[in-house]
Amino acid sequence: MKKFALVMLVLVMAFAVTACGSKDDAADPIKIGVQGPISGQWALEGTGFVRAVTMLAEEINADGGINGREIQIIQGDDKGDPKEATLVAQRLVNQGVVAVVGAYNSTATEPASAIYNEAGVLHVTPSSTATGLTEKGYDQFFRTCFLDDRQGLFAAEFMTGTLGAKKIALIHDNTTYAKGLADWTKIYLEELGAEVVFFDAIVPGEREFGPTLTRLKNVNPDAIYFTGYFSEGGLLLKQARDMGITSTFVAGNANNNADFIEIAGIQNAKGAIITTEPIPTDIDYPEARKFIDDYQARYGEMPPSIWTLSAADAFRVVVEAIEKTQSTDKDKLANYLHNTMKDFPGITGPITFDEKGDRLGTVHRAYIVNEKGEFVPYSN
Amino acid sequence: MEMFFGQIINGITIGSIYALVALGYTMVYGVLRMINFAHGELFTLGAYMAFTMIVSMNLAAYIPNAVVALIVMAVMVAGLVAIVGVLLERIAYKPLRQSGRLAPVISALGASIFLQNAIMLIWGANYKVFPEGVVPSITWEIGGVSITLMRVLILSTSLTLMIALYVLIQRTQVGTAIRACALDHDTARLMGIDVDKIIRLVFIIGPALGGIAGMMVGLYYRQIGFTMGWHYGIKAFTAAILGGIGNIPGAMVGGLILGVAESLGAGYISNAWKDAIAFLILILILILRPTGLLGERVAEKV
């Protein structure tokens, strides 16, 4: 049995060595992996990744490829599951990919990123926002999505700048996401010179916010920013208006749901604002227009979500790095993305990475509830 | 000072809902010495039935007068939830009445899970939202404190129901029979009281009150979910213990105290600490008075 295991080990290692050995031959196509939940509960998102990346690769190949070499896309379906993700990552590495776009959810991205880091494969996730992912010191890991602190920055700038609010109340619900967003918003608000006059949590599942709002009414804020979920957000807004609180009500992206308006009632929801990633059709960069048109022409439907656009950006960033460095060496690629590339014209806006691989800037937008109870882009 | 009164009003409103639900726990405990864990789900059922009457059956189209419509709806909700309550007792509790104290409690937990899932399967797992304007949104400003019409309705309905129940229990023959059953089933039977009938009656009154409370929560907050019974159930159960379980005025007092304590805690300290404060008060009262505020010290029967 021991002997058998040893033989297997040797075989596996030999295979791995040959796989690595054949990695970079100038005549071969450049292999780029796309990992995501192509089946399972998030199949829509994973399929969006594959479609976006495949379409762009075919466009590039039709124009003669990168530096004269063709791009070959290799798919990996991780079903959003961390166990599957490690298998998929191992398989992609064995097949000799130089870069990978994916995965969708942070739970799947995390184990995969360790494997890619070890194998020296450039790894760009379009959608995994867990803060810890870029805290591991992996120099070849990047993301084209924005973290919650970016939404906090946007909300802080929007409330102090566009709305001109000086006194702001922050309400979260003690979940990791909502508390994190509220904490970041507080930091940025204070940097911008606004005063956080109220900072407290409500309890998810609770329906009576009278006690909290009575206290909030006393400090009379210019704006309220609620970072929790729509089911409480709608109630909070309604009860605030019932109590005669007239402060502008702003809520985070977990309130981007029609039920938010329905629970609050159109009368109360009218004029409420949410900060959120824009829906794909509201992005007005020329690159976005072209991408969405091409996507629609090719697949006969709209990209399912903003993450499809983000996946396209992840792929375009990889291509840009390979093209500019004339190399598939991960150190050169990573160095280019970290230090050289500034304001690359992405589909979701200018792309610049910081030293950790996180994206600078923000994609978030403000939407306001109109008289008919619909979210429409905010304009002055 | 305005804030203080505001918080007191918040507390009394939510407390009167707790009290209404607590009555169901305390009455069942009084006659059967068991905790009806499925009571929270009967409360949820009241909210969902009201939702169906308003949205699917469009009750308002048949009864143009809002006041009459609300009363008719309350009676129908109370009746339907009471039927479920009686069935619950007949199916889940009665066969176990002679089998010690633990079996009915387990059965009640099972019934609670069953009802919760049944509600989810019938109405779906999403939040349901009551339409606007079933109760006109009128707000009065009294000394800097805003009071909505719905709050006034909740308060007056709960108080009326509680007073009616108190009169029923203390002043009528049926009430005397209920109190007799609470003291001793066998002796009550010797006095010619049909104990089974009284237990059924308790499972009509308790669920009916719980159902009306659920309906009012639905009308006021307008957002209902199939798990809402747990939250209100646990609070009402606490209120029942606080006041002395088995004691009807105790449940009312317990509910109001719990509501006000929560409200002041959330208002002056932090909303996140609200439950901790409410339960701290419960612990203190139970240390000082193990039978609850109004609970009588009854010698254990051997």
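Student: How many salt bridges does the structure hold over all chains?

Tutor: Over all chains, the structure holds 28 salt bridges. The term denotes a side-chain nitrogen of Lys or Arg within 4 Å of a carboxyl oxygen of Asp or Glu. This is a predicted model in which local features need pLDDT of at least 70 and side-chain atom pairs count only at pLDDT 80 or more, while totals for chains, interfaces and linings use all residues. Residues are numbered from 1 along each chain as its sequence is written, chains are lettered from A and ligands numbered from 1 in the order in which they are written, and side-chain values use heavy atoms, without hydrogens or water.

Student: What makes the pair Lys274(B) and Glu206(A) a salt bridge?

Tutor: Their side chains meet at 2.3 Å, N to O; this value lies within 4 Å, and therefore the pair qualifies. The rule finds three salt bridges across the interface of chain A and chain B.

Student: Why is the 2.3 Å pairing of Glu206(A) and Lys274(B) also called a polar contact?

Tutor: A polar contact is a pair of N or O atoms within 3.5 Å; within protein, one atom must be able to donate a hydrogen and the other to accept it, and residues adjacent in sequence count only if both atoms are side-chain atoms. The 2.3 Å between these side chains is within that limit.

Student: Does Glu206(A) count as buried or exposed, and how do you know?

Tutor: Buried means under 20% relative accessible area, exposed over 50%, and partly exposed in between (1.4 Å probe, protein chains only). Glu206(A) has 3% relative accessibility, so this residue counts as buried.

Student: How do you know whether Asp183(A) is buried, partly exposed or exposed?

Tutor: Its relative accessible area is 29%, so Asp183(A) is partly exposed. Lys179(A), at 31%, is likewise partly exposed. The side chains of these two residues meet in a salt bridge of 3.3 Å, N to O.

Student: Where do Asp183(A) and Lys179(A) lie?

Tutor: Both lie in helix 6 (residues 176–191) of chain A, four residues apart, about one turn of the helix. Helices (H or I, at least four residues) and strands (E, at least two) are DSSP runs, numbered from the N terminus.

Student: What makes Lys235(B) and Glu262(B) a pair that ties parts together?

Tutor: Their side chains form a salt bridge of 2.9 Å, N to O. Lys235(B) lies in helix 10 (residues 228–243) of chain B and Glu262(B) in helix 11 (residues 248–268) of chain B, so the pair ties together parts 27 residues apart in sequence. Lys235(B) is buried, with a relative accessible area of 2%, and Glu262(B) counts as buried at 2%.
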